[in-house]
Structure formats: structure tokens, C-alpha cells
Amino acid sequence: MEEAEKGEIFERTTMSTLDRHPDPGPTAVLLTDDLILEILSRLPARSLHRFKCVSVSWRDLIVDPANCKKLPQTLAGFLYMTVNSSGCGHHFASISGDGAAPFDPSLQPNKYMDMVQVDACNGLLLYCGCNEKLLSPLDWPDHDFRFVVCNPLTGRWVELPPTPQVAENNRYSCTAGLAFDPADSSHFNVLHFEQAFYEAYVTGVNIYSSRARSWTRRDSGMVDKVAPFFRGKCVSVDRMMYVIGSMMDINNEWVLMGVDMEGKVWKTIRVPYGQRFATIGVSQGCLHYAAASVVDNNNRTVSQIALWCLKDRDSKEFVLKDTANINKLMSMTGKKYMVDVIHPDCDTIFLISYGGDTLAAYDMRHKKVGCILNLEKGHPYRFLPYVPLFSESLADADEQ
């Protein structure tokens, strides 16, 4: 049974018991705070945060900053960038609705002129730092840049050594991802894909290991030629890094390309139906794929969205979890939407409006519109789901 299912069963049982016995009586005092924390720490984040409603004492116990390190955290919001005439802006969209960011989203080491957000994974952030002022987050310099990994809550960061130089002039790299599992180790990996310049298919990958403190280059192990979307979103799950791309053949079929943390295992997985209106993410411990149907090609109108799941690392077939019609959302707001981010703890998809002024949550399971977040003016770029990490540990971190 999956952890999410266990959490839901425990949650239903607990809530049902409280409904029948609103006053638990003197036996409740036998549970010390330490015992309650031990129980709560084993629950999925979604169930944990619902248990704030059980009682005032439970709520105080859960929200106490001193206990945050012991309890699982859920999605706090999204990091994103905007581009305008004055340059790049770093922002945070809080899903709590109060607009508060848990840290300064413009945080960056002083030694860099500019930083580009690249990826986020379990509380750590991956940036590209350079000594030139970037005109656009798409302008990766081809020299003098470094990857930087940081925990923004603690202000600790690691500057990675330069990536290996690409030997051939007809190759380049622009797609990268961060892999980190705090339940496993304080160490992390960064994968930087190498691509053929003219056809854009992956020719290899540079892998940084914080344990080894060095980069390793691996040639592509795929027979198929896969071209990732330009600076496509990378997702790490079960020690595999995935990115959406297209097959370099007559049909240009859309696939998911995966490679393990050693660059030894490569694979491709065909997505249910490929199009630009699609995204990937990790939710409830599994890789998910969300896609939208375009019902009016002239107006690019999206009304049908679908959520698919890859049950385990060895599977090569997505299973359909749910579909939904978002006509109600569009009529409510008067806007058109594209899928963008998948919630890490539940079957909720966040959709970005055309024009990029709002981000709307849609609960696929209950067919309900959730929060609608107003975004900063500009051209929003790369929404990164952020889950707080309160641990002080960060492999190879520089003191800041």
C-alpha cells in the first residue's frame, strides 16, 4: 500500500473517531508531545497539515518552528522569474494566499552579477550564476558561468566547479536538473545534458556528484535520438532524471527520456499523447505527466486536461489517473490556460493563464478550482515548486 493511501486511511479513522468522541477524555494525556510528533512524522505531508484542525494543541505542535525539522513539509509555493526591460526579477508565489515568501526570492551570492533559476528538488535550488548581466533567463552564457546549489532557508550554498568543456564545436548544453533526497542523504547530483548543436539531440550528460565533488561525463546510451525541449523541465525520482523531448525521426514522436545518476542506464518512455501543453512532475512519490487537449487550434483553446502516472521506475507505460474539463475555470476567470506544474502531495494541477498573470490550481480528484494566484507583471518563466527544507545539512556547503 502506498504511503499516501496509508495516510488517508489513518486520517479517515482519526477524524471519524473524533466525530464520535469529540472529547477524548483523560486517556489523551497519556500521549506526550514527543509521542504525537513521532506519529505525525510518519504521515504524508497532506494528512499532517489537515490534522491542524484536530485541536488547538495539535495545531500548535505542528506549526511550532522547533518541530519543523521532524515533520514532513508540503508545497509552500512557486519560485519563478519575470523578464522586462529592466532585466530579470526573482519572485515567489505563495499558495497560502498571504503572499509571504519563506525567504528572500532574490537571494544570491554577491559574487555574481546575475542568477538564473534552473531547478528545485526537495528544498534545494539549482541556479546558474554568471558575471554578466543577463538580458533574458534564456541567455545562458557560453563561458564564465557556474552552477550553484543552495538551501534558501539556511542561506547555505555550494558553487560547483566548471563543467567539462565540450570537445566538439558542434555541441552545446542548455538543459540541467537537480537530484536530491534528504531522506537518503545530504548529498546531491546535478545532471547537465549535452546536445548536438544543429539537431539538438542528446549526445551525453555531465554528472556532478557532491559526494565525489567532481563532474563525470557519459556518452548517451540511447539508440534513439531524442531532443529535449529547449531548456526543458527536468524531474528526479527513484534515482532517475527525466525530461520531455521528441524523437528525431519522421514522426517526431514525443517521449520521456530518462537517465540514472551514474549515466549508465538510459531509456525512453512514450507519453500518452504529446504536445506543447504538457508537463511532468513528482507527486506522491511517483512520476506524473499532465497534458491538455487543444479543442480549437485557431484560438489554442484548452478545455480538457488529463493526469497520468508512472507507477515505478521499471515501468514504461503511463496509467491514466483522471481527466477533467476546465470550462468552469475559464468561464469563472475569462482566461485560457496551459498546464504547468503538478502538486507534489496530491492530484492537483497548476495552470498558467495565457499572458502569464495568474496561476490557478485545479483539483483533478474532486473536480474543483482551488486557489488562483496573481503573478508579478512581466513574462513569467519556469515555475519551480518549493517545499521547505529546515535541515542545516548541505553537502560541501560554504558558510554564508
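Let's start with Asp 260, which sits in strand E14, spanning residues 254-260. Everything here comes from a predicted model.

**Asp 260**

- Is Asp 260 buried or exposed? Asp 260 counts as buried because its relative accessibility is 5%, and the cut-off for buried is under 20%.
- Its side chain reaches the backbone nitrogen of Lys 264, at 2.8 Å.
- Setting aside neighbours within four places in sequence, Asp 260 is in contact with Leu 191, Ile 207, Arg 239, Met 240, Val 265 and Arg 313.
- One of those partners, Arg 313, turns up again below, in the lining of the largest cavity.

**Asp 249**

- You'll find Asp 249 in the loop that runs between strand E13 (240-247) and E14.
- With a relative accessible area of 36%, Asp 249 is partly exposed, because that label covers values between the 20% and 50% cut-offs.
- How far apart are the C-alpha atoms of Asp 249 and Asp 224? They are separated by 8.7 Å, and the two residues are 25 residues apart along the chain.

**The nonpolar cores**

- The largest nonpolar core has 24 residues, and the members that touch the most others are Leu 124, Val 149, Leu 160, Leu 178, Phe 188 and Val 190.
- Which elements give two or more residues to this core? They are strands E3 (114-121), E4 (124-130), E5 (145-151), E7 (171-180) and E8 (188-196).
- Strand E4 is the top contributor to this core, giving four residues.
- Take Leu 160 as a close-up: leaving out neighbours within four places in sequence, it is in contact with Arg 146, Phe 147, Val 149, Phe 188, Val 190, Tyr 208 and Trp 215.

**The cavity**

- How many cavities of 30 Å³ or more are there? The count comes to one.
- The largest cavity holds about 50 Å³ of space.
- Its lining is made up of Val 237, Asp 238, Tyr 242, Gly 285, Cys 286, Leu 287, Leu 310, Lys 311, Asp 312 and Arg 313.
- By type, the lining residues split into five nonpolar, one polar and four charged.

Definitions and conventions: Residues numbered from 1 in each chain as written. Predicted model: local features only at pLDDT ≥ 70, side-chain atom pairs only at ≥ 80, totals over all residues. Heavy atoms only, no water. 1 Å grid on protein atoms, 1.4 Å probe; cavity = no way out; pocket = protein on both sides within 12 Å on 5 of 7 lines; lining within 4 Å. Points joined across faces, edges and corners; volume = space filled by probe spheres on them. Nonpolar A, V, L, I, M, F, W, Y, C, P; charged D, E, K, R; others polar. Core = buried A, V, L, I, M, F, W, Y, C linked by side-chain atoms within 4.5 Å. Buried < 20%, exposed > 50% of the residue type's maximum accessible area, 1.4 Å probe, protein only. Contact = heavy atoms within 4.5 Å. Polar contact = N/O pair within 3.5 Å; in protein donor to acceptor, adjacent residues only side chain to side chain.
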